[in-house]
Amino acid sequence: MQSLVDAPRIGEKMAQRFISHFGCEEDAMAAILRGDIAGISEIEGVGRRYAISLVHDVRSTQDGIDISSFLKTRDSVDIYERVIDSIKNYASTPYARDKLHTYIPYPSSRKDLIDINRDWVENHMEYLSMLDDMDRISASLSRIEPLKNSPSIPRIRDRVIVTSNTDDYSTLKEKYGKSIEVQLVEDPLEFADVARSYPHVIAIGEPFLEYDFPEDTNPEIITNAREIEEWHILPEKQISFFAFNHERIMNALDLAITLDKAGIPPVVNADISTLCNLMAAINPEGNIVEGRDGEIDRLHHILDNVDSELTKYVDQCNQEINDLLQKSSITLSGNDMLGVIRDEMELKDILSRNISASFSQIINDARKEFIETLSMKQNESLLVDYFFPSELCYPVEADMSQLQKFKEQIKQQIFRREVTHKRNIAYELHEFRQPLKQLVMRLLDLDVGLAVARFGHSLQMQLAGFEDECGMGLKNGKNIFLCEKGVAVEPIDYSLGSIMSPSQVPTSSVVLLSGVNSGGKTSMLELVAQCTILSHMGFPVPADELKIGPIDSLYYFSKSRGTLDAGAFETTLRSFSALRGAGSKLVLVDELESITEPGASAKIIAGILETLSEESNTMAIFVSHLADQILENTDASIRVDGIEAKGLDNELNLIVDRNPIYNHIAKSTPELIVERLFRSGGEVEREFYRRLKNKFEEGC
């Protein structure tokens, strides 16, 4: 697949939706190839079923195999889907639950694909054994989510790019114009007007080196526009991806560290500790967190407290000056009185001369304490001189215009410091973007593998052994669907052909399975189907041991719901006609006799069994209550196995040995049912059941 439009089901419009969702075509194609059903399903107009079908179609195109290559009937697909649903119970993420649908059983002829899955499962079974607290790991996995592309950053209004070159202006405007103001200036005067309007000015071009900038402007000069990196101009854009995904990234890093300590191989080729430190420096809004930069914290402290502290010290000065004036007395000399009378001198001047030293001391002490309280540096403390009056006055008032200028300068220092900090972080973070995506996907895929491993561990499942000869043998098999119900499940041993066949048992690969109602025939048929499907997926099977010969296709026919009409009957026969010559296969049929009247059913089943037994690469199990009639209608050597009831226990439940007895026709035991009803019924009912019971005894 060279491009998205090469994939089945994807046209030009849908391809654009994929690109918009995943950020680029490469990432979109990677999502399809890795089976990211959850991610694909989030695209507008794409549902979960579409996503699963898309992934299956793409893999089918690549491998030449799809799900119908092995699962030949709707009933076999139903068993497969129920098995997948069982495995999904062990997944911790929606991603894993969806992706499990992309794993399918392969024909034995593609053992290479089966082996790839087997190796993958074995690795995750080993990982599972290395994890002591799977509940905690599962909880951590449940917090792992795919990283998303961040939305567009808000327009930055406290920064401007200025250039005097028209070509540079066009390039910069196209690249950065949506996020930041870009202006073309022609002379220093115009530049000064622009520069005074923004806290941060980025001047691009050599001519700015010759400008004589006003004292209240301090631009950043970059001589060559071609040397500019995006992270330098717009560090916020680089950081936005990491900030937007902040919680998801931190969850992934925490789990990666836990897995590393457990001995799980490195999940990504990246310096996790460095990445943790970088992520800890920013908050989900993309700003520098408090405590990461002492200088920024100090400047913020000044900005946050300068108003209240200044008010405090002005009040303190006024109180001290008031106290000073109340305690002071002035003796006027004759010359002083003559000067006042002649309007040559004012009392204020006389007062200033007498208490100016004390006034200055009060102001200086307040200024010094004010500077120390706010931890100001020397260049900042020089500006404080303009806050306080230099001449005697009462009450003392701070110069609010000077205070405002001071605050603007502090804001600019904070802004420049934060931009520098963001640039450093953006520069270091930009190389982690792809490794982080890989890390998250690796963790999500780990959840898929661990789900399969946990599923296998739950029933002490084992990987199957593949044999060259036609046949199958399983030991201590347990039907998954029964185990999920929480009932006690009796383990089953069974074999077809010569694989694991008990001694002195006819080695037939085509058998009839007879037995009592509710004896477990259907459950055993399901068990065989489960083992076959899982083994050909490369997954563990619900048995202590399974050896299985070549199977390229599975035909499962579940029990019919009553007698079929003529059309449905014909369709059923057509489906069986396709079995002949279909290569190595396993055929599982549950009570086919219900398709028509018993006499005709026995003849039809006999004919089908004769056909299947003539093929050396075919295995089949037919569940039927018509074993005697079927054998009467065929000369083929067909083994009949039986699941037999032995009687009733003290609670009047059937005692059944769920393990089939080889080469034995099990009798249906309606007499045991009648016996149970006879024992448990009332006096009137007992008389009725006694009559039925006697009929069975008369026939013995």
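Predicted model: local features only at pLDDT ≥ 70, side-chain atom pairs only at ≥ 80, totals over all residues.
Residues are numbered from 1 along each chain as its sequence is written, and side-chain values use heavy atoms, with hydrogens and water left out.

Now step back and take in the whole chain. The protein chain has 27 helices and 15 strands; these are DSSP runs numbered from the N terminus, with helices being H or I of at least four residues and strands being E of at least two. The C-alpha atoms fill a box of roughly 155 × 70 × 45 Å, taken along the principal axes. A compact globule of 700 residues would have a radius of gyration near 27 Å, yet this chain has 43 Å. That radius is taken over C-alpha atoms, and the globule rule is 2.2 Å times the number of residues to the power 0.38. Buried residues make up 48% of the 700 residues, where buried means under 20% relative accessible area, exposed over 50%, and partly exposed in between (1.4 Å probe, protein chains only).

Let's start the walk at strand S1 (residues 156-163). S1 pairs with strand S2 (residues 180-184) in the parallel sense over five bridges; two strands pair if DSSP finds at least two bridges between them. Val 162 stands opposite Gln 183 in S2. To get from S1 to S2, the chain passes through helix H9 (residues 166-176), and this β-α-β crossover is right-handed. Right-handed here means that, with the strands pointing away from the viewer, the path from the first strand over the helix to the second runs clockwise.

Next come the aromatic rings. Rings of Phe, Tyr and Trp (its six-membered ring) pair if their centres lie within 6.5 Å; planes under 30 degrees apart count as stacked, over 60 as edge-to-face and the rest as tilted. By this rule the count comes to 17 aromatic pairs. In one of them, the rings of Phe 191 and Phe 208 have centres 5.3 Å apart and planes at 40 degrees, so the pair is tilted. This pair links distant parts of the chain, 17 residues apart: Phe 191 belongs to helix H10 (residues 188-195), while Phe 208 is in the loop between strand S3 (200-204) and strand S4 (220-222). Phe 191 is buried at 1% relative accessibility, and Phe 208 is buried at 0%. Phe 241 and Phe 242 make an edge-to-face pair, 5.2 Å centre to centre with 85 degrees between the planes. Both Phe 241 and Phe 242 are buried. Elsewhere, Tyr 313, Phe 370, Phe 387 and Phe 406 form one aromatic cluster.

Most residues other than glycine have a negative phi. Ser 375, though not a glycine, has a positive phi of about 55 degrees; you'll find Ser 375 in the loop between helix H17 (347-373) and helix H18 (378-384). Gln 460 has a positive phi of about 50 degrees, and Gln 460 isn't a glycine either. Gln 460 is in the loop between helix H20 (433-458) and strand S5 (465-466).

Further along, an unreviewed UniProt entry lists a "binding site" that includes Gly 515, Val 516, Lys 521 and Thr 522; such annotations may be inferred rather than shown by experiment. Gly 515 is in strand S8 (residues 510-515), and Val 516 is in the loop between S8 and helix H22 (521-537).

Our last stop is strand S11 (residues 585-590). Six of its six residues are buried, so S11 is largely enclosed by the rest of the structure. In a regular strand the side chains alternate between the two faces of the sheet. Here both faces are covered, with Lys 585, Val 587 and Val 589 on one side and Leu 586, Leu 588 and Asp 590 on the other. Strand S10 (residues 553-557) runs parallel to S11, joined by five bridges. S11 also pairs with strand S12 (residues 618-623) in the parallel sense, over six bridges. Together, S11, helix H24 (residues 598-613) and S12 make a right-handed β-α-β unit.
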